[in-house]
Amino acid sequence: MFTAFLIKYAEIGVKGKNRYIFEDALVQQIKYAVKRCEGEFKVYRTQGRIYVEALSEFDFDETVDNLKTVFGISGICPVVYVEDEGFEKLGKDVVKYIGEVYPEKNKTFKVNARRARKNYPLTSMEINSEMGGVILDSYPEMRVDVHKPDIMLNIEIREKIYIYSETIPGPGGMPVGTGGKAMLLLSGGIDSPVAGYMIAKRGVKIDAVYFHAPPYTSERAKQKVVDLARQISRYTGPIYLHVINFTDIQLYIYEKCPHDELTIIMRRYMMRIAERIAKETECLGLITGESIGQVASQTMQSLAATNEVCTMPVYRPLIGFDKMEIVEVSEKINTYETSILPYEDCCTIFVAKHPVTKPNLNIIRRSEQNLEEKIEDLVETALKNDELIIVHQ
Amino acid sequence: MEVYLDNSATTRCFDDVAALMTQIMCGDYGNPSSLHLKGVQAETYIRYAKETIAKTLKVNEKEIYFTSGGTESDNIALIGGALANHRMGRRLITTAIEHPGILQAMKHLEEQGFHVTYLPVDQNGIIRLEDLRKAMTRDTILVSIMHTNNEIGSLQPIEEAGALIKKMNPNTLFHVDAVQGFGKFRIYPKKMNIDMLSGSGHKIHGPKGVGFLYIHENVKVKPIIFGGGQQNGMRSGTENVPGIAGLAKAAEMIYVNLEEEVNKLYSLKQKFIDGVTKIENVSINGLTGKNSAPHVVSVSVRGIRSEVLLHALEDKGIYVSAGSACAARKPQPSATLKAIGVEKDLMESTIRFSFSVFTTADEIDYTLQAMYDIIPMLRKYTRH
């Protein structure tokens, strides 16, 4: 029955002179999303609204699911449009619409007409009251409530006439590509994909880096990270995933530094390497899935120690989240099942039984001096052997 | 160099088997139930396959049923056997080191109200007949014991167990999971008092997705899959003709020179064990020599987690398994290793090497050399 969707966007509407940039980006992202669906669609912007119009048969649920992945959409309204063939015909169409969409008629309603085409013979107020009468005549069990109606029946008079009343919530946020690009440190755990999702939601394009440590981590662990990147690329668009072979660096740190500082020093090198790649690929920041106090390497002291090696801003969108809250989002974006697959990642393989939880920066720096001889070369080699995987839906 | 030493997980298909299967899939692709010539041709392959398997077991071809593999054979034997005989009692006996195809089916039966006794094993992974004798009661309807263990290669006293069971209660059914033993040993159910026996194609250089179940003609088993009534209604569903023909071809090929091939495997295994135990703090789980399976060696390498050693060997082109492939995807430690009393640290440091007729002495030398190189290196970096 529905033949189009009216796309509502909340936050973009308040932008000033840049508004068109956001709207154009949103139209572009919607076009990408419906391209994945069965059927032909036209996506266009008119008078401050975006419409997705089906030009052929299409799968309603599939289309809605894909629209729900487009950041910037606050609501998706399934629309029925009809030709303007006089008010009497419109009355019949509206009655038919209510008949099909609301099998249960014991509801309150309000008609909300908008007349974009001012040459229509009735004014908006007249349409509201006349149409209310038509509906009450056909469905006597329905009642009018102009303050808190169950059904807000919108009728928009344009070239054609649009009828809609339902709003399916969208993901919110801003269209991807309007906020620059950032480098996500993707580990394979539950947190980092969620962190990437949350920053992408603010319109940021995402690249990712994964630290691989063969033979300590397996091909399956790497595949798992690729799979996770693919899941979030549903929302973020294509992701450039850099796979860095971290084994030699890790073993060198293991050889030269106290073992309870291993994780912190390792993370400092991960941040350094991530920042190097980020700078080379025009990223404006790093993203991690850290949350204060979750593990030894995420205490305030540890975060300060890992943060110190970067000059770029590090975005940590989960910083105040509890684990359960993170899990909730990961379930929503379908990464949870993949994240909990039991493959070891490089952060845990050499982890000490009691790693330092309150690292002292001076001590950490002194330990790192033990690495001076070879570490630069090892980092350069790792960067040179960066394996790039382009991940998309 | 690529060295495949994970033959307990699965084996490379024989070329002749693959060729025969291609021929059937692209040429003789009829449905054996069809009345026309194409159907008759397909049926001929099934009949020939039954004869072949029956001959290797010295049983009647009517007693062979084809399934989707070892797990399905085990499930039909246990669940179908228990359901058909539940009026005579609700007690079942098995061992603690069975394949999940047995253990999980037993768990299912426990949920249905059956009582299952799990026989313990000694440090070599072998049951004690005395335990079996004590566990047998008047209302024990079924005993299932594996022939060859998939993780450590221990062999069970099948013939003695069969005699004991029948002596104590002639009505008790005796099922043997011979997925790892078929193709390595000559197993004669009639002589060993075996009522049901499971086998699988892909462990003997045949195809995956096909197996067989021998059921003694006097034994009642209820089907657990229903449909068009193929295979006397015991296992409905259009027969997997290429798979079945491939399984039979592989069995035929493996049993032609069985003794010679098995002796070769034993000598490869001994060579490997001699070499690997030269490394410090390396131990073999279970028995060695002719009292064990010719193709499985379970090795514990103290101080190195199995997954790490596995991937380090993989780096050199050597493919092995951590514990058993069926269990390797799960994080919990292996039931078999636990049952033979391997200490916890070593359980996480155990890998399995398994050989086949394609394994060569050169490959063993290469693998040993790789381990001499890798293990000292990996031991430098251990978790504290």
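The model is predicted: local features need pLDDT of at least 70, side-chain atom pairs count only at pLDDT 80 or more, and totals for chains, interfaces and linings use all residues. Residues are numbered from 1 along each chain as its sequence is written, while chains are lettered from A and ligands numbered from 1 in the order in which they are written.

**Chain A.** The secondary structure of chain A comes to 13 helices and 15 strands; helices (H or I, at least four residues) and strands (E, at least two) are DSSP runs, numbered from the N terminus. The C-alpha atoms of the chain fill a box of roughly 85 × 40 × 35 Å along the principal axes. Chain A has a radius of gyration of 27 Å, whereas a compact globule of 393 residues would have one near 21 Å. This radius is taken over C-alpha atoms, and the globule rule is 2.2 Å times the number of residues to the power 0.38. Of the 393 residues in chain A, 40% are buried. A residue is buried if 20 or more other C-beta atoms, placed from the backbone, lie within 10 Å of its own.

**Contact between the chains.** In chain B, 10 residues are in contact with 13 residues of chain A; contact means that the C-beta atoms, placed from the backbone, lie within 7 Å.

**A sheet in chain B.** Four strands of chain B form an open, antiparallel sheet in the order β9-β10-β13-β12. Strands pair if DSSP finds at least two bridges between them. The edge strands, β9 and β12 of chain B, each pair on one side only. β12(B) and β13(B) pair over 2 bridges, and A322(B) has I351(B) as its bridge partner in β13(B).

| Helix | Strands | Angle |
|---|---|---|
| α9(B), residues 258–276 | β9, β10 and β13 of chain B | about 10° with β10(B) |
| α10(B), residues 306–315 | β10, β12 and β13 of chain B | about 40° to β13(B) |

**L119 of chain B.** L119(B) is in strand β4 (residues 115–119) of chain B. L119(B) counts as buried because it has 22 C-beta neighbours inside 10 Å. Leaving aside neighbours within four places in sequence, its contacts include I93(B), I127(B) and L132(B). The C-alpha atoms of L119(B) and V40(B), 79 residues apart along the chain, are separated by 47 Å.

Note on methods
Two residues are in contact if their C-beta atoms, placed from the backbone, lie within 7 Å. Axes are lines fitted to C-alpha atoms, for helices over the stretch in contact, and angles run from 0 to 180 degrees between N-to-C directions. A residue is buried if 20 or more other C-beta atoms lie within 10 Å of its own, exposed if 12 or fewer, and partly exposed in between; C-beta atoms are placed from the backbone.
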